[in-house]
Amino acid sequence: MSYKLIAIDIDDTLLNDDIIVTEATKKALKRAIDAGVTVTLATGRMYASAQKIANQIELNVPIITYQGALVKTLLDGKVLYERSVPADAARKLLAYTKEHNLHLQLYVDDVLYGTEDNAKIQAYSKLVNIPYVVEPNFELLIDKPNHKMLIIDEPEVLDEHIVVLQELLGDQLHITKSKAHYLEFMHKEGTKGHALQFMAEHIGCTMEQTIGIGDAWNDREMIQVAGLGVAMGNAVPQLKELADYITLSNNEDGVAHVIEKFVLQEN
């Protein structure tokens with residue numbers, strides 16, 4: 001198979017545990033691009049955060065952000081695909097988080113918002129390398145277009161609420177976990193799978209000619225629709241069960257291994 005499009009998750013996939021893209025992975029990415037393959041990012045991160053990673057590896061294509069709710073070009077910032085959280089569902093989720101005293105983050109106009117300056121948003125901000133704005137009254141923001149909404153808490157706390165929230169909002173929202181302590185809410189068509197299908201059509205290739213690489217449950221839809229769905233060696237077990245191929249871990253240049261094996265066909 002001659003692959004034309006590779007979509008790569010960022011955290012724990014492209015980035016190793018030191019939060020860097022290794023030189024070996026950069027080299028493999030460049031060789032794939034030089035061979036005419038479109039390489040893009042597919043991340044839950046906001047555009048401003050993903051843009052910094054894309055610039056590190058010198059991409060100049062549209063990138064998939066907010067779990068697939070926003071596909072935007074790097075060179076001129078043109079929005080190609082966009083899905084926002086429906087306003088009614090957003091209000092229901094806000095009310096639920098208030099009732100249960102949960103930490104909620106909003107993303108409006110590519111700005112990260114929290115209601116208070118606490119350890120959760122500080123740690124998140126540091127991880128994604130993006131500043132945040134404190135707005136105590138989310139009522140001022142909730143009716144604006146939100147690409148996603150995010151609850152941060154202990155994994156077991158989120159697991160209890162997932163069951164209730166799926167019942168309450170599952171018919172209106174795509175609900176997924178990007179990390180054990182991140183519970184994310186997007187439009188039903190704001191998934192990496194929908195965005196990968198859009199990108200394939202955009203560049204004019206078939207889904208059989210696409211590769212999707214990820215490590216977490218939020219990569220599931222992308223892994224399922226890609227011609228070659230790849231789970232990292234460090235991926236959650238459920239994703240490995242769905243994948244067509246399991247590569248090395250993010251600390252062993254697993255992305256480079258996929259490119260060398262399936263695109264450059266060197267091993």
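Which exposed residues does the face of helix 5 turned away from its buried side carry? The analysis rests on a predicted model, in which local features need pLDDT of at least 70 and side-chain atom pairs count only at pLDDT 80 or more, while totals for chains, interfaces and linings use all residues. Residues are numbered from 1 along each chain as its sequence is written, and side-chain values use heavy atoms, with hydrogens and water left out.

Helix 5 spans residues 119–128; helices (H or I, at least four residues) and strands (E, at least two) are DSSP runs, numbered from the N terminus. Within this helix, Ile121, Tyr124, Ser125 and Val128 are buried, where buried means under 20% relative accessible area, exposed over 50%, and partly exposed in between (1.4 Å probe, protein chains only). Viewed down the axis of helix 5, the buried residues fall within an arc of 100° and so line one face of the helix; the arc is that of the directions from the helix axis to the C-beta atoms. An α-helix has 3.6 residues a turn, so residues three or four places apart point the same way. The face turned away from the buried side carries the exposed residues Ala119 and Lys126. At the start of helix 5, a side-chain oxygen of Asn118 comes to within 3.2 Å of the backbone nitrogen of Lys120. Asn129, which follows the helix, has a positive phi near 60°.

Strands count as paired if DSSP finds at least two bridges between them. Strand 6 pairs with strand 9 in the antiparallel sense over five bridges, with Leu106 opposite Met149. An antiparallel pairing over four bridges joins strand 6 to strand 7, and here Gln105 stands opposite Gly114.

Strands 6 and 7 form a hairpin with two residues between them. In its turn, Asp109 has a positive phi of about 55°; this residue counts as exposed because its relative accessibility is 66%. A positive phi, of about 60°, also occurs at Ile19, in the loop between helix 1 (10–14) and helix 2 (23–34). Ile19 counts as partly exposed, at 42% relative accessibility.

Technical notes: Polar contact = N/O pair within 3.5 Å; in protein donor to acceptor, adjacent residues only side chain to side chain.
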